[in-house]
Amino acid sequence: VHEISAVSSPHESTRIIQGRLQNLSRGGLCILTDQRLNDMGIAVCEIVLPELPVPIPVLTNVRWSEERSNGGYGVLYGLQILY
């Protein structure tokens, strides 16, 4: 996930966040990460599938988050696919 700040300039670097895909649907995806995303921020995800030679870039919007406190780690994020 490459997080894009709403106020970032073209010269400002984006933050790269590692996450694990939990589920994927037509309208969005859910990732688990131990790093924070901006609430309601824009993020570019690169979905890596073992059967494809290149990652799939997807523009997303953070819609919700849920702390994992029941023995898990990190935060679940629901991302709406924009493009």
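This is a predicted model: local features need pLDDT of at least 70, side-chain atom pairs count only at pLDDT 80 or more; totals for chains, interfaces and linings use all residues.
You'll find Thr33 in strand S4, which covers residues 28-33.

What lies 3.2 Å from a polar atom of the Thr33 side chain? It's the backbone nitrogen of Gln35.

Next, have a look at the cysteines Cys30 and Cys45. Are they buried or exposed? Cys30 has a relative accessibility of 7%, so it counts as buried. Cys45 comes in at 3%, and therefore it goes down as buried too.

How many disulfides does the structure hold? The count is zero.

Now for some strand pairing. Strand S5 takes in residues 42-47 and strand S6 takes in residues 56-67; the two pair in the antiparallel sense, over six bridges. If you'd like a spot to start from, find Glu46, which stands opposite Pro57 in S6.

S6 has another partner in strand S7, made of residues 75-81. Seven bridges join S6 and S7, and they run antiparallel as well.

## Tyr77 in S7

Stay with S7 for a moment, as Tyr77 has its place in this strand.

How far apart are the C-alpha atoms of Tyr77 and Glu67? They're separated by 9.0 Å, and along the chain the two residues are 10 apart.

## A nonpolar patch on the surface

Time to turn to the outside. Which residues form a nonpolar patch on the surface? They are Ile42, Leu59, Leu82 and Tyr83, and together they have about 410 Å² of accessible area.

One of these, Ile42, is found in strand S5, the strand that pairs with S6. Ile42 has a relative accessible area of 31%, so it's partly exposed: that label is for values between the 20% and 50% cut-offs.

How values were computed
Residues are numbered from 1 along each chain as its sequence is written. Side-chain values use heavy atoms; hydrogens and water are left out. A disulfide is a pair of cysteine sulfur atoms within 2.5 Å. Buried means under 20% relative accessible area, exposed over 50%, partly exposed in between (1.4 Å probe, protein chains only). Two strands pair if DSSP finds at least two bridges between them. Helices (H or I, at least four residues) and strands (E, at least two) are DSSP runs, numbered from the N terminus. Patches are made of residues with over 30% relative accessible area and no salt bridge: like charges are joined within 9 Å, nonpolar side chains (Val, Leu, Ile, Met, Phe, Trp, Tyr) within 5 Å. Accessible areas come from the Shrake-Rupley method with a 1.4 Å probe; for residues, only the protein chains shown count as cover. A salt bridge is a side-chain nitrogen of Lys or Arg within 4 Å of a carboxyl oxygen of Asp or Glu. A polar contact is a pair of N or O atoms within 3.5 Å; within protein, one must be able to donate a hydrogen and the other to accept it, and residues adjacent in sequence count only if both atoms are side-chain atoms.
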